[in-house]
Amino acid sequence: MTAFVDLAARLAAEPADAALKDVVLTIAETCAQISRVVASGALSGSLGAAGSTNVQDEEQKKLDVITNDMLSDALKACGPVAGLASEELEEVEPTGRVGGYLVTFDPLDGSSNIDVNVSVGTIFSVLPAPAGHAPTEGDFLQPGRNQVAAGYAVYGPQTMLVVTLSGGVNGFTLSADGRWLLTHPDLAIKPDTAEFAINMSNQRHWAPGVRRYIDGCLQGKDGARGKNFNMRWVASMVADVHRIMMRGGVFMYPWDAREPDKPGKLRLMYEANPMSLLVERAGGKSIEGLTEILDIKPAKLHQRVPVVLGSANEVEVIRAEMRAG
Ligand code: P6P
């Protein structure tokens, strides 16, 4: 029987601040608890609509609210956390403490899948908090390169946690007795791929460069790409990104003409930025179109951004098509 290193032991080997490790361990423990709540589904009466809408004007599922409360409560009780922000909360929430860290999160990404038993997940990002004063919304608006940790939990056939602090990206599997065990050390995304993830139903609304790229994939070996492509779309960013972490690929949620004033569907602070840090640290790339997502200076807490991420060489093919206009 293989002996696995657990999360606490793996973090102990990281040259990161002990307080930051406490924050990550708190989030990980809460994700383990969320996994059990999600897995109970209808048995705990936690499926279905909450009867409310969030700041995104999206109908909330009961589990959106339950998981948001679990993470908010855990972070408010975690000493090094000065403030938190959630997809489900309109405003940032200072904890009353100063210094340490700020945490942004999407407590249950892909929750439209929850009632049909398809993988969902939790995404989190950790930023340095300002010294000397309680954090305001402006203190959260830091470029993604400022993140000191980021990760996600994916609640699927296995529950896994994928996280990066100061160095590489490591994957942990939740054991039956509730421990995160290191099963996927030093994750690296293959630079080339023949697999793309995009919601094809939006095809007629895409910009020309995206349409040219996808058309090239669909022409397969009969076209300029000279190889056949496969397509996946889980409609849970966490599940699609996890697949890319495991076997390569590209994930795209580009701007489209359905709502021209909206840059994209995904949110910068607690979806695109943490996923972009993980992908870049694993050797992949993550762009909003022509430039790297991690370099964006946020203007608003819930701002949206177009996302193209994954296998580095394939992202460059997409970037060239988008640059061609
Ligand atoms: P669509 C889930 O709601 C989410 O924010 C991401 O997890 C996912 O990739 C995307 O939206 C799915 O969007 O338009 O395909 O339903």
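The model is predicted: local features need pLDDT of at least 70, side-chain atom pairs count only at pLDDT 80 or more, and totals for chains, interfaces and linings use all residues. Residues are numbered from 1 along each chain as its sequence is written, and side-chain values use heavy atoms, with hydrogens and water left out.

Several elements give two or more residues to the side of domain 1 that touches domain 2, among them β3 (81–86), β5 (101–109) and α4 (137–140). Helices (H or I, at least four residues) and strands (E, at least two) are DSSP runs, numbered from the N terminus. The largest share of this side, 7 residues, comes from β6.

Domain 1 spans 7–184 and domain 2 spans 195–323. These bounds come from an automatic or database domain assignment. The centres of the two domains, taken over C-alpha atoms, are 23 Å apart. In domain 1, 48 residues are in contact (heavy atoms within 4.5 Å) with 33 residues of domain 2. The two domains bury about 3,000 Å² between them, 60% of it on carbon and sulfur atoms. Buried area is the accessible area (1.4 Å probe) that two parts lose on being put together, summed over both. Leu141, Arg145 and Tyr152 lose the most area on the domain 1 side, together 22% of what that side buries.

Charged pairs also cross the interface. There are 4 salt bridges between domain 1 and domain 2. A salt bridge is a side-chain nitrogen of Lys or Arg within 4 Å of a carboxyl oxygen of Asp or Glu. Arg145 and Asp295 form a salt bridge through their side chains (2.6 Å, N to O). The structure holds 19 salt bridges. One of them joins Arg243 and Glu195 (3.5 Å, N to O). Arg243 lies in helix α6 (residues 237–247) and Glu195 in strand β11 (residues 195–197), so this pair ties together parts 48 residues apart in sequence.

The ligand is surrounded by 13 residues (a heavy atom within 4 Å). The closest are Asp109, Asn199, Trp233, Met237 and Tyr253. A polar side-chain atom of Asp109 lies 2.8 Å from a ligand oxygen atom. For Tyr253, a polar side-chain atom lies 2.6 Å from an oxygen atom of the ligand. Met237 instead places a backbone N or O atom 2.7 Å from a ligand oxygen atom.

How values were computed: A polar contact is a pair of N or O atoms within 3.5 Å; within protein, one must be able to donate a hydrogen and the other to accept it, and residues adjacent in sequence count only if both atoms are side-chain atoms.
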